[in-house]
Amino acid sequence: MSDDAAAAASKTENSSYYFFKSTPQELQKQYAPVPLKPGQKLDFTPRVATIHDSALVKKKGEQKSDGANTDAKAKAASAAAAAATLTYAKVRKNAYDFRDKEDDSVTEPEHYEQGQKVKIHGLKKAARYNGEVAEVLGPEVNGRYPVKIQESKKQLNVKRANLKMYIPVVCTEFVDINLEEGFRCTPELLFRALTDQTMIAKYTRSEAKVECKKGGKFSLFGGSLHGTFDAVEASKKIVQKWRFKEWPDDCYSTVSIDIHSPEYGITVATLAQSNVPIHDKYRNRDVPQKVRDGWKNYFWDRIHKVVGFAKVDKSEYRKYMAPKKSDNGGGDDSDSLDEDMPDLE
């Protein structure tokens, strides 16, 4: 047998060959991103042996002999495994716990003033309100404060022990987002698709409330996305104050959508969104990417596929658009055009 054949055979026999093929540095990045302490080594012992030696996978005869004790141990192990499973809800709870530890350093006042913001915690029967931000509506009566939930506007009477000062998460880093999309329709139809309550509810497949007028409010995806209209120019321009529910409080971005038709039957939407926070109130630093994906997946693509306004490629509609002039009044400035309108697909 040749050396190559022997090596191939040894690879086949050793099922963990491909796992250990990676360098220790690569494995450390994948399984132990936190720097190791001096003298500490990584443990890459296969977990399969540990699982097969556990009480959960004993032979049937051994399990029967163990009787009820084995069943109790198995149930306890299953419950422990379920508790250890990391879910989105637990991630949010961990974020709240982190904030609660920060809040512990704040000295609570003897009494809350009317209009002051507080955070609800420790409720048992109404646990769904734990973590909600509320506004104090009046003075303490019989040990309880009347409060109004900020998001749902629900009014409650909460004990003093279940309230604490609200410390808002402040974001100091913001980015701007610029998108461009072509549609095979008229400006009037695209404007309606972006502002008509019934159409938005159908292609987003969610609850939508839209008052398309200056100062009007909008709420999409069951209130997850909401804001107000700052300016509306029929079939031409939409300007909104725009935020997600998970963003830091009182943090709004400005969305400006220009609608124009470079050629009959082709309409282009140019979107500029400013002051998008880097992180949300749970300190997840993926907000800008979620916003970009949201516009593409829940608006542009849905309008193409559900409403039926086919996508127009940039190479098709840009040839109809007037080229930008250089500062010295010269000819076409194709480099400037490409810089202002990057390919975002």
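**Entry 1: the largest cavity**

I looked up which element gives the largest share of the lining of the largest cavity, and β10 does, with three residues. Strands here are DSSP runs of E with at least two residues, helices are runs of H or I with at least four, and both are numbered from the N terminus. I note that the model is predicted, so local features need pLDDT of at least 70 and side-chain atom pairs count only at pLDDT 80 or more, while totals for chains, interfaces and linings use all residues. Residues are numbered from 1 along each chain as its sequence is written, and side-chain values use heavy atoms, with hydrogens and water left out.

I counted one cavity of 30 Å³ or more. On a 1 Å grid over the protein atoms alone, a cavity is a set of points where a 1.4 Å probe fits but cannot get out; a pocket is an open set with protein on both sides within 12 Å along at least five of seven lines; lining residues have an atom within 4 Å of a point. Points are joined across faces, edges and corners, and a volume is the space filled by probe spheres set on them.

The largest cavity holds about 130 Å³. Its lining has 14 residues, and those closest to the centre are Leu-194, Ile-200, Leu-220, Gln-240 and Phe-299. I found that α8, β8, β9, β10 and α10 each supply at least two lining residues. By class there are twelve nonpolar, two polar and no charged; Ala, Val, Leu, Ile, Met, Phe, Trp, Tyr, Cys and Pro count as nonpolar, Asp, Glu, Lys and Arg as charged, and the others, Gly among them, as polar.

**Entry 2: the largest pocket**

I read a volume of about 620 Å³ for the largest pocket. Of its 19 lining residues, Glu-151, Lys-153, Ser-219, His-226 and Tyr-252 are the closest to the centre. The lining has two nonpolar, eight polar and nine charged residues.

**Entry 3: α8 and α9**

I checked the axes of α8 (187–195) and α9 (197–204), which come within 6 Å and cross at roughly 75°. Axes are lines fitted to C-alpha atoms, for helices over the stretch in contact, with angles from 0 to 180 degrees between N-to-C directions. The two helices are therefore roughly perpendicular, a label for 65 to 115 degrees.

**Entry 4: a salt bridge**

I counted ten salt bridges, each a side-chain nitrogen of Lys or Arg within 4 Å of a carboxyl oxygen of Asp or Glu. One of them joins Lys-117 and Asp-250 at 3.8 Å, N to O. Lys-117 is in β1 and Asp-250 in the loop between β10 and β11, so the pair ties together parts 133 residues apart in sequence.

How values were computed
Angles under 35 degrees count as roughly parallel, over 145 as roughly antiparallel, 65 to 115 as roughly perpendicular and the rest as oblique.
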